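Here are my notes on the model, point by point. Please read them with the structure open.

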Amino acid sequence: MIRNAAMLIFSVFCAYSLEAQIIITGNDMPAPGDTIRKSLTTLLDGFDYEQSGPDQTWYFDELTVISQQVDTFVSVDETPTVYQFFFNNQWIYPDYNATMAQKLAEFGAIPGLTLSDTYLFIINDDDEYREVGYGAALEGVQVPIQLQEIDTIYRFPLEYGDVDSSHSLLEVEVPDLGYLMVSKFRRNTVDGWGTLITPYGEFQTLRVKTEINEYDSLYSDSLGFGMPVTRNIIEYKWF
């Protein structure tokens with residue numbers, strides 16, 4: 001099964017100057033205590049979200065907001081103790097020593113399981129913004145899940161013309177269900193800068209196009225076979 005999706009993400013953290021290319025560093029990313037409000041829409045007819053290049057103006061001021069959600073970032077110390085052993089332990093797991101966690105909404109992404117009290121653990125430093133794993137309550141039991149290959153989301157500084165890529169891998173045994181594997185290849189291209197006009201204001205921004213090729217496989221012990229899914233996703237993000 002192949003699924004394709006395009007996503008617009010307006011992540012406006014900071015604007016340094018007017019009518020000039022800006023540079024994004026780790027200091028512009030979320031920190032513990034921050035919240036980010038996302039406005040969601042599926043009505044993109046008439047909006048040129050693929051427009052790229054220097055000194056552009058993107059007109060999204062007439063976008064219709066369908067719903068909103070809030071992302072909340074917390075200190076790793078605020079997460080359950082069992083998660084902290086794996087994501088706040090520089091002696092045993094230095095590569096997974098997270099600088100913050102993002103509180104995720106409850107969801108049931110894996111068939112047959114209810115996931116709740118879910119966190120995404122993140123390392124944000126001068127060089128990179130990385131996702132290192134998850135914490136989730138599976139049927140009420142808190143389970144830490146470290147990525148076998150860490151997902152590097154951004155490399156800093158982000159400047160117009162930059163191109164980079166990364167690969168990440170998640171493999172986890174799900175008790176009484178089977179095996180889950182997610183392999184993801186990510187390619188970032190900083191393909192534009194200029195003025196972004198939204199229903200909530202006008203911003204000087206740097207635009208990042210992210211192409212993701214993802215292969216998911218869920219093997220069910222009870223059914224005795226796997227369910228592979230290939231996803232091709234494009235994200236357009238303005239910082």
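1. Is Ala137 buried or exposed? Ala137 is buried, at 6% relative accessibility. Here buried means under 20% relative accessible area, exposed means over 50%, and partly exposed falls in between (1.4 Å probe, protein chains only). Ala137 sits in strand E7, residues 128–138. Strands (E, at least two residues) are DSSP runs numbered from the N terminus. Ala137 and Tyr119 are 18 residues apart along the chain, and their C-alpha atoms are separated by 9.6 Å.

2. A word on the basis. This is a predicted model, in which local features need pLDDT of at least 70 and side-chain atom pairs count only at pLDDT 80 or more, while totals for chains, interfaces and linings use all residues. Residues are numbered from 1 along each chain as its sequence is written, and side-chain values use heavy atoms, with hydrogens and water left out.

3. Look next at Lys103, in strand E5 (residues 100–104). Lys103 is partly exposed, at 29% relative accessibility. Lys103 lies over the face of Tyr119, 5.1 Å from the ring centre. The criterion for a charge over a ring is NZ of Lys or CZ of Arg within 6 Å of the ring centre and within 35 degrees of the ring normal. Leaving aside neighbours within four places in sequence, Lys103 is in contact (heavy atoms within 4.5 Å) with Thr72, Asp117, Thr118 and Tyr119. Phe121 is 18 residues from Lys103 in sequence, and the C-alpha to C-alpha distance is 9.0 Å.

4. Gln56 belongs to strand E3 (residues 53–59). Gln56 is buried, with a relative accessible area of 19%.

5. Now the cores. A nonpolar core is a set of buried Ala, Val, Leu, Ile, Met, Phe, Trp, Tyr and Cys residues joined through side-chain atoms within 4.5 Å. The largest has 18 residues; Ile24, Met29, Tyr129, Tyr154, Phe156, Leu158 and Leu206 touch the most other members. Strands E6 (115–124), E8 (141–155), E10 (178–198) and E11 (201–220) each supply at least two residues of this core. A second, separate core of 11 residues includes Val74, Phe87, Tyr96 and Ile123.

6. The structure holds 13 aromatic pairs. Rings of Phe, Tyr and Trp (its six-membered ring) pair if their centres lie within 6.5 Å; planes under 30 degrees apart are stacked, over 60 edge-to-face, and the rest tilted. Tyr49 and Tyr236 make a tilted pair, 5.4 Å centre to centre with 55° between the planes. Tyr49 lies in the loop between strands E2 (35–40) and E3, and Tyr236 in strand E12 (residues 225–238), so the pair ties together parts 187 residues apart in sequence. Tyr236 is buried at 3%, whereas Tyr49 is partly exposed at 22%.

7. The ring centres of Trp58 and Trp238 are 5.7 Å apart with planes at 75°, so this pair is edge-to-face. The pair links strand E3, which holds Trp58, to strand E12, which holds Trp238, 180 residues apart. Trp58 and Trp238 are buried. Phe47, Trp58, Phe60 and Trp238 form one aromatic cluster.

Key. Helix = DSSP H or I, 4+ residues; strand = E, 2+ residues; numbered from the N terminus.
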